[in-house]
Amino acid sequence: MPETTDNHAERTLLIQGATVLTMDPDLGDLTTGDILVTGDRITAVGPDLSDRVAPDTEVIPARGMIAIPGLIDTHMHAWQTPLKGLHAQGWTGEDYQNEVFYLREHFAPEDIYDATVSGTTQMLDAGVTGVLDFCHNVMSPEAAEAGLRAHRVTGQRALFAYGMLGSFGAPPEDHAWRLDHVRRLHDEVNENGDGLLRVGMALGSIEYGSMERVTKEIALARELGMRMSVHQNPPGQIRALHRAGLLDSDIVPAHANSADDEELALLAACGGGISFTPEGEFGGGRSMTILNRAHRFGASPSLGIDTHSRVAIDLFAAMRLTFLLMRNVDATTEREAGRWPLEHHPGVPLVQPRDMLHYATVNAAAALGLGDDLGRLTPGRLADIVLVDTEPYGVALGDPAAHVVLQTGPRDVDTVIVGGRIRKRDGRLTDLDPAEAGAATRRVRERVFADAAAHGGPVPDLGPVR
């Protein structure tokens with residue numbers, strides 16, 4: 001598998017004849033438009049740019065396709081990719097601990113590497129050009145380095161959120177080496193990176209550690225200018241961060257189902273938002289009102305898959321479910337207030353399908369600290385672009401953003417471009433092999449489950465196909 005660091009500073013691409021959803025309020029949509037890419041940046045967007053291309057420009061015919069900014073997943077545990085389906089029947093938090101999370105103690109660095117390669121390959125294939133990889137399986141320095149190496153090889157735009165959560169009940173020195181190591185990795189990646197990969201911090205969950213530990217983590221992250229994310233499950237934690245003087249837009253709370261309106265207002269006031277993982281949270285029985293309330297308060301929602309152990313790597317499905325959940329919350333409120341059958345009135349319904357695409361592009365880019373560079377298809381921004389093929393059955397009537405959100409799946413992703421580099425074309429990955437991703441998954445399962453069995457742990461049934 002080749003390193004994705006080739007120099008393409010002078011390469012030019014022309015995406016020609018697409019329906020372009022720029023996600024920019026000034027530029028709007030182009031029913032038939034072109035996108036010109038020079039190096040890793042978009043240099044022009046317009047109805048016909050053919051007179052601006054050099055003779056060696058690579059042209060991508062895109063008539064019948066919808067061009068959107070690359071999708072960004074703001075909460076993904078890539079290390080769990082090989083555990084696909086393991087939590088499919090899970091019901092309780094204890095189920096997750098006993099079926100999935102206990103296995104992290106059995107992951108060696110080579111397992112983190114293979115799992116991350118498999119996960120990022122699948123994400124790129126599905127039009128996910130960027131990710132916040134919340135790696136809460138850093139059980140050794142080598143494990144973190146393996147995860148970073150995998151991202152470097154696959155070339156997805158990644159914020160590798162270094163996990164601060166060690167073994168439960170670990171001694172204080174376990175925390176100390178993590179702080180030292182994340183500083184060193186941050187400096188190394190900044191010095192030697194190509195801009196696609198950054199190091200962030202997955203803060204230790206407050207309920208498993210302490211506010212004192214989290215305070216140290218946040219102080220280091222801010223010293224280094226790193227983005228952070230935190231699992232926000234028990235109520236009151238956003239308020240606790242605010243009262244400690246720690247809450248700011250550089251921390252992205254994941255889930256946050258228990259956040260009250262005051263906490264959402266605090267997030268909005270500092271320019272922050274939440275990462276919502278609709279399939280896992282809905283299937284896990286959590287409150288869904290958080291989405292509507294966050295939207296109303298301006299606590300910018302973004303979306304994530306969370307764990308492949310439960311659901312598919314498919315942000316289109318996440319957008320679709322999020323839209324339906326938010327509509328259902330509105331409908332339930334209306335029905336309980338005696339307003340039935342449904343009628344239109346100011347503020348109801350709250351969202352349209354296009355808002356979901358905004359969550360997965362504009363809001364997600366801001367969550368990763370790249371709001372000025374990603375999330376919109378406008379000149380000067382990084383060229384992370386996805387082409388959705390509407391054929392053979394044709395585009396849906398009405399808003400083309402609704403086609404993307406409500407009619408599209410990963411198999412409709414024709415072209416994926418990351419930083420001006422074509423990663424998928426004509427429905428096929430150009431430099432990554434899905435078969436190798438599958439083989440990496442099988443290697444992890446064989447090694448991890450064998451180690452779990454050797455230590456007396458439960459071992460899942462691998463089934464007839466391995």
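**View 1. Ala256, a buried residue with a positive phi.** Ala256 is buried, with a relative accessible area of 0%, where buried means under 20% relative accessible area and exposed over 50%, with partly exposed in between (1.4 Å probe, protein chains only). Although Ala256 is not a glycine, its phi is positive, at about 60°, and the residue lies in the loop between β11 (251–255) and α7 (261–269); helices (H or I, at least four residues) and strands (E, at least two) are DSSP runs, numbered from the N terminus. This is a predicted model, in which local features need pLDDT of at least 70 and side-chain atom pairs count only at pLDDT 80 or more, while totals for chains, interfaces and linings use all residues. Residues are numbered from 1 along each chain as its sequence is written, and side-chain values use heavy atoms, with hydrogens and water left out.

**View 2. Asp426, an exposed residue with a positive phi.** Asp426, found in the loop between β16 (421–425) and β17 (428–429), has a phi near 55°, a positive value in a residue other than glycine. Its relative accessibility of 58% makes Asp426 count as exposed.

**View 3. Two cis peptide bonds.** The peptide bond from Val348 to Pro349 is cis, with omega near 0°, and Pro349 belongs to the loop between α10 (315–336) and α11. A cis peptide bond also joins Glu391 and Pro392, with omega about 10°, and Pro392 is placed in the loop between β14 and α12 (400–407).

**View 4. The surroundings of Arg381.** Arg381 lies in the loop between α11 (353–367) and β14 (385–389), and its side chain reaches the backbone oxygen of Gly371 at 2.9 Å.

Notes
A polar contact is a pair of N or O atoms within 3.5 Å; within protein, one must be able to donate a hydrogen and the other to accept it, and residues adjacent in sequence count only if both atoms are side-chain atoms.
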